[in-house]
Amino acid sequence: MINIFEINNTISTSYFLHSMSDITLILSFIPLIIFVWLALRSKSIKAFQFQISIFIAVYILGEIIENNRIAIFSTLPPNIGSQIHVGSAIFFTIMMWFRFYYAEKRGKKMIESDIDGYDDSINDNKSTKDSNNN
Amino acid sequence: MLPSQYYNIIDAIVYLIAVIIPAYFILKSRNSINNNDSTHLRKLTIILVGFILLQVLYHVIGTFGFRLLAKGFLEPLSMVALLLFGVMYLISTFKAKKQQQQEFNT
């Protein structure tokens, strides 16, 4: 005999999980937009903003494939979404450790400011101002 | 054991290795001089640690098969932490830029 309540429960659970994965996707797109915008402003692939935006982009890709929401991705082998998730986690870890290693080596900040180039231009302007005053 | 559970274990371990760095910075910054910049950076790092630890918890819970709790609650929560990190980072960038503009004007 089929337990109707169990089926209903399973359907509602899967519906809930689908809606939550949609919410997760929307939530993860916002930081991606923020960091991509900051990365474009910093104009450097070495910047923290660029690296974290790559991590989020790969994470989102894994999430989309894992949830099978796009028909093209359904042809991919199973667990590829989870593998991409692992890939993004490894990328994030390598990024953290490399940044730490180079920060220690060069005595720099681990997260650089978006306005590093801006600092230089300000200093240049200040020095020109001073020389003009003199 | 299912392959997805293996991936969850690997994910949890990898994120645990990643959390060492920001956690070390938080511990290190506790003893340093508290100015406005370092306090803000510390807050940012705490949020980043929160995101990573939520990811660890999500993968650990997922390994034990509590899909509803993991996918339905912990994963969105970790994304909220990442969103908060992004917003805080954006605010700190604007603040720093504004401050430098003021310094330049004076």
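Visitor: In chain A, what share of the contacts with a separation of 6 or more comes from residues 24 or more positions apart?
Guide: The share is 55%. Keep in mind that this is a predicted model.

Visitor: How many helices and strands are there in chain A?
Guide: Chain A has 4 helices and 0 strands. From the N terminus on, the order is α-α-α-α.

Visitor: And how much of chain A is buried?
Guide: Buried residues are 36% of its 134 residues. The accessible surface of chain A is about 8,400 Å². Carbon and sulfur atoms hold 64% of that surface.

Visitor: Switching to chain B. At what angle do α3(A) and α1(B) cross?
Guide: Roughly 25°, with the axes coming within 9 Å. Angles under 35 degrees count as roughly parallel, so α3(A) is roughly parallel to α1(B).

Visitor: Is that crossing left-handed or right-handed?
Guide: The crossing of α3(A) and α1(B) is left-handed. Their contact has 18 nonpolar, 5 polar and 3 charged residues.

Visitor: What about α2(A) and α3(B), how do their axes cross?
Guide: At roughly 155°, coming within 13 Å. Therefore α2(A) and α3(B) are roughly antiparallel. Their crossing is left-handed.

Visitor: Which residues meet there?
Guide: From α2(A), they include F48(A), I52(A), I56(A) and Y59(A). On the α3(B) side, M79(B), L82(B), F85(B) and Y89(B) are among them.

Visitor: How do the residues of that contact divide?
Guide: The contact of α2(A) with α3(B) has 8 nonpolar, 2 polar and 4 charged residues.

Technical notes. Residues numbered from 1 in each chain as written. Chains lettered and ligands numbered in written order. Predicted model: local features only at pLDDT ≥ 70, side-chain atom pairs only at ≥ 80, totals over all residues. Heavy atoms only, no water. Axes fitted to C-alpha atoms, helices over the stretch in contact; angles between N-to-C directions. Helix = DSSP H or I, 4+ residues; strand = E, 2+ residues; numbered from the N terminus. Parallel < 35°, antiparallel > 145°, perpendicular 65-115°, else oblique. Left-handed = near helix turned anticlockwise from the far one by under 90°. Nonpolar A, V, L, I, M, F, W, Y, C, P; charged D, E, K, R; others polar. Buried < 20%, exposed > 50% of the residue type's maximum accessible area, 1.4 Å probe, protein only. Contact = heavy atoms within 4.5 Å. Areas by Shrake-Rupley, 256 points an atom, 1.4 Å probe, with all protein chains shown as cover.
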